[in-house]
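Here are my notes for your first look at this structure. Please keep the 3D view open and follow the points in order.

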Amino acid sequence: MGDEAPKARLDPDPPTRPQPGTSPDQAPFTPEELRGIQDEVAKSFPRHRDGANLVLMDVDPRRLHAYWSVPHATLAAAREALGPDGEQAPLVLRFHEPASGSGGKTRPKFDVRVQGLENRWYVDVTDDARRYLAVLGVLGSDGRFEGVARSDVVTLPPLLPEPPPAADSDQPALDVDAALGVRFPEAEAAGPESTAPVAEGEAAEGPLPLENVLTLSSYAMGRQDVQLEVNAELLVEGRTRPGRELYLFGQRVPLRPDGTFSIRRPLPQGALILTTVLTDKPEGEGGEGS
Amino acid sequence: MARGYLALVLHAHLPFIRHPEYESFLEENWLFEAITECYLPLIRVFDGLVADGVPVRLTLSLSPPLLAMLDDDFLRGRYRTHIDKLSGLADKEILRHNGNPQFLELARMYRRILHETVETYDDRLGGDLVGAFTRLQDAGALELITTGATHGYLPLLRPQPSAVRAQLQVAADAYERTFGRPPPGFWLPECGYYPGLEALVRAAGGRYVFMETHGILGADPAPRHGVLAPLACANGVAAFGRDPHSSRLVWSADEGYPGDPWYRDFYKDVGFELDLDTLRPFIPVGDTRVHTGIKYHRITGPTDAKEPYEPAAAAERAAEHAADFLRRQVEAVEAQADGMDRPPLVTALYDAELFGHWWFEGPQWLDTLIRKLASDQDVVEMVTPSQYLDRHGDPQTAQPSPSSWGEKGYSEFWLNPGSDWIYPHFHDAAERMRDLARAHGDAEPESLAHRALQQAARSLLLAQASDWAFIMKTGTAVDYAYQRTRDHLARFHYLADGVEGGRIDERRLAALEYMDDIFPGIDYRVYADEGV
């Protein structure tokens with residue numbers, strides 16, 4: 001990347017065509033001025049967005065991606081509408097299979113528990129339905145659902161008889177086991193046509209959302225000396241203001257330019273306290289919470 | 001008469017990287033390396049073929065950011081500085097290897113290459129590579145096509161259809177402004193396709209697109225001839241499917257030609273071997289090591305102990321591989337021709353930067369292949385997609401399947417936990433741009449508001465380049481991809497705030513125009529339409 005604060009004035013090496021919008025009598029820019037302007041302009045990101053929003057996108061034939069943004073007041077109103085138990089009602093993405101044609105009725109297919117006023121989620125799809133829409137809402141203990149945002153309809157790619165070739169790499173195509181969220185080494189070794197030994201009834205319960213699955217990083221059955229091995233991971237996601245410094249478990253967490261972050265680490269045994277330290281870098285002020 | 005056809009298609013693209021706010025900038029080297037190692041060698045190959053009267057019909061996709069950078073005087077000046085530094089290093093290398101005949105000969109080869117580079121770039125082309133490509137198109141050797149305006153991955157921009165429309169229309173307009181004619185076809189960025197995209201392709205004037213293999217094989221109804229003939233979408237836009245066999249011969253790390261032990265090794269470069277004090281005068285930024293293009297070893301095999309490079313032996317292998325590639329295409333055509341109602345077409349799609357940059361002998365291979373196609377057989381003829389459609393129109397009508405040429409064949413490479421944070425910002429900004437275009441559609445040309453709207457559209461397009469998500473996935477230069485995404489979105493919102501608030505700082509606006517000097521003819525009103 002660029003070098004440090006050059007002092008010399010940039011030789012403008014005047015271009016043969018006029019710079020757009022730059023009149024000839026304007027003083028040429030020095031690198032220092034350009035960087036100063038860039039630094040000022042950079043403060044315009046990220047932008048706060050008003051209103052509730054839910055967007056659904058297809059990742060591949062077996063995976064959907066959803067992101068959303070919900071104002072706190074909107075969510076509070078939805079919880080209130082559920083009555084006294086609403087405060088504890090979980091946030092849920094409810095997936096529907098839209099009816100084909102104009103007169104049909106949309107059928108709810110499955111729910112995925114999620115969290116966060118602004119967040120993103122991956123949802124693995126195990127059945128053959130191709131068209132989905134989602135509603136974000138809160139689910140009351142009595143089964144009532146109060147929606148706060150709705151997505152457009154998304155059509156997943158068709159399920160092709162053969163996995164598509166990985167044209168640019170030697171990576172294997174997505175397999176069904178991965179879509180179910182668990183990996184069976186024996187099944188992988190047998191090739192993509194193999195069927196993983198899914199426990200009866202498991203598939204009927206509907207798809208497992210990816211973030212739940214990520215807590216199971218490996219899963220071995222039937223080997224000589226291993227009856228069951230479960231390795232759990234902790235996935236911590238969140239957001240803060242860009243430019244802050246965030247520490248989790250005593251380690252600095254890299255922030256993306258919009259202030260979001262995501263870390264994975266093995267789940268330690270026993271009770272877990274998430275010690276979180278947020279530092280405002282420019283001011284040297286910090287806040288701490290756990 | 002030939003029994004079938006080969007459509008060789010190269011896609012040349014680099015993200016728009018131009019940093020006048022720094023005295024020098026490491027990532028600008030991506031363009032400089034590609035000019036020296038890929039674009040100039042390819043131009044020399046094509047010019048040589050034309051001069052020798054060899055029939056060549058190759059399709060070349062030139063992305064708008066690449067065209068803009070090749071045509072930018074600021075970057076031309078920096079390229080000359082770069083090539084002067086490299087020439088200095090090559091001279092030093094000759095002194096270093098005095099007494100070692102084998103390496104001395106290689107050092108002389110690099111100095112000769114750099115002299116040829118300067119001769120071609122300065123004396124013959126006057127720094128005008130775009131003009132060279134234009135002349136080759138005018139001579140009938142190349143069919144030049146375009147792609148997304150900044151190579152935005154269209155399936156993930158789809159939630160705001162105006163963003164997809166702008167990517168295609170701005171690219172088409174830039175193409176016409178450069179070449180004086182509308183683009184005959186589009187290279188969909190990353191071959192990313194979704195049903196309905198053909199409407200926007202057609203609206204932008206495109207007659208055809210290319211698609212990954214399963215986009216064609218998964219079409220509805222099933223294609224009668226697999227990927228050996230194009231399909232027509234319902235609106236008539238033709239879709240040419242990538243032939244997996246010819247792709248694998250060049251792309252595959254295991255089966256592909258570029259992995260041959262006699263070919264030059266890419267990674268063992270003096271930029272990572274010489275001591276820094278020696279290198280420092282010749283590298284762009286501080287103490288950061290870079291590939292110089294001066295490499296003395298061949299791939300040898302799966303070992304760190306590399307043998308010295310032998311250009312003559314490598315040239316022999318390139319000729320053998322060209323003959324092998326041709327033999328396989330002839331066999332494929334002869335095996336299928338009798339069962340088809342039209343001559344089979346093998347569509348071979350490659351990144352242009354593979355040739356010469358990653359695969360040093362790639363231009364030699366291409367040169368030999370094209371000469372052999374003309375002289376060694378009469379079964380397979382080179383053809384461009386336009387020529388094939390003109391000769392064998394009325395393709396089977398079918399709906400292609402969603403697809404991309406990325407890992408696993410769909411969108412995961414650009415939508416994953418490493419890059420998914422960018423899409424809410426992309427969609428939000430595209431919606432804001434659409435609203436601005438509708439609300440301020442009558443801004444007076446050259447007024448501050450008009451200039452700010454034009455620049456806001458440029459900023460949004462630059463943020464959307466698929467390269468940034470690609471880099472976030474591959475894990476190299478991630479900070480730079482973050483910075484570019486953030487900076488362009490910030491510039492967009494800064495300008496949008498200015499337009500909405502009626503407060504536009506002219507000096508700052510001019511600075512943004514200067515730094516993101518691309519698409520001089522853009523019309524921000526392209527965002528006012530929702531799409532098709």
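1. Start with a pair of helices in chain B. The axes of α14 (residues 422-439) and α15 (residues 448-463) of chain B come within 11 Å and cross at roughly 160°. An angle over 145 degrees counts as roughly antiparallel, so α14(B) is roughly antiparallel to α15(B). Their crossing is left-handed. Keep in mind that this is a predicted model.

2. Which residues meet between α14(B) and α15(B)? From α14(B) come B:Phe426, B:Ala429, B:Ala430, B:Met433 and B:Leu436. From α15(B) come B:Leu453, B:Ala456, B:Ala457, B:Leu460 and B:Ala463. By class, this contact has ten nonpolar residues, no polar ones and no charged ones.

3. The numbering in such lists has a simple background. An α-helix has 3.6 residues a turn, so residues three or four places apart point the same way.

4. Now find helix α11 of chain B, residues 311-337. Its 27 residues should span 39 Å at 1.5 Å a residue. The end C-alpha atoms are 38 Å apart, which agrees.

5. Which residues of α11(B) are buried? They are B:Ala314, B:Ala318, B:His321, B:Ala322, B:Phe325, B:Leu326, B:Gln329, B:Val330, B:Ala332 and B:Val333. Their cover includes the strands β1 (4-12), β8 (345-351) and β9 (380-382) of chain B. The helices α9 (244-251) and α12 (362-375) of chain B are also part of the cover.

6. Finish with chain A. Its secondary structure comes to five helices and 16 strands. Of its 290 residues, 24% count as buried. Among contacts in chain A with a separation of 6 or more, 56% join residues 24 or more positions apart.

Technical notes
Residues numbered from 1 in each chain as written. Chains lettered and ligands numbered in written order. Predicted model: local features only at pLDDT ≥ 70, side-chain atom pairs only at ≥ 80, totals over all residues. Helix = DSSP H or I, 4+ residues; strand = E, 2+ residues; numbered from the N terminus. Expected span 1.5 Å × (residues − 1). Buried ≥ 20, exposed ≤ 12 C-beta atoms within 10 Å, placed from the backbone. Contact = placed C-beta atoms within 7 Å. Axes fitted to C-alpha atoms, helices over the stretch in contact; angles between N-to-C directions. Parallel < 35°, antiparallel > 145°, perpendicular 65-115°, else oblique. Left-handed = near helix turned anticlockwise from the far one by under 90°. Nonpolar A, V, L, I, M, F, W, Y, C, P; charged D, E, K, R; others polar.
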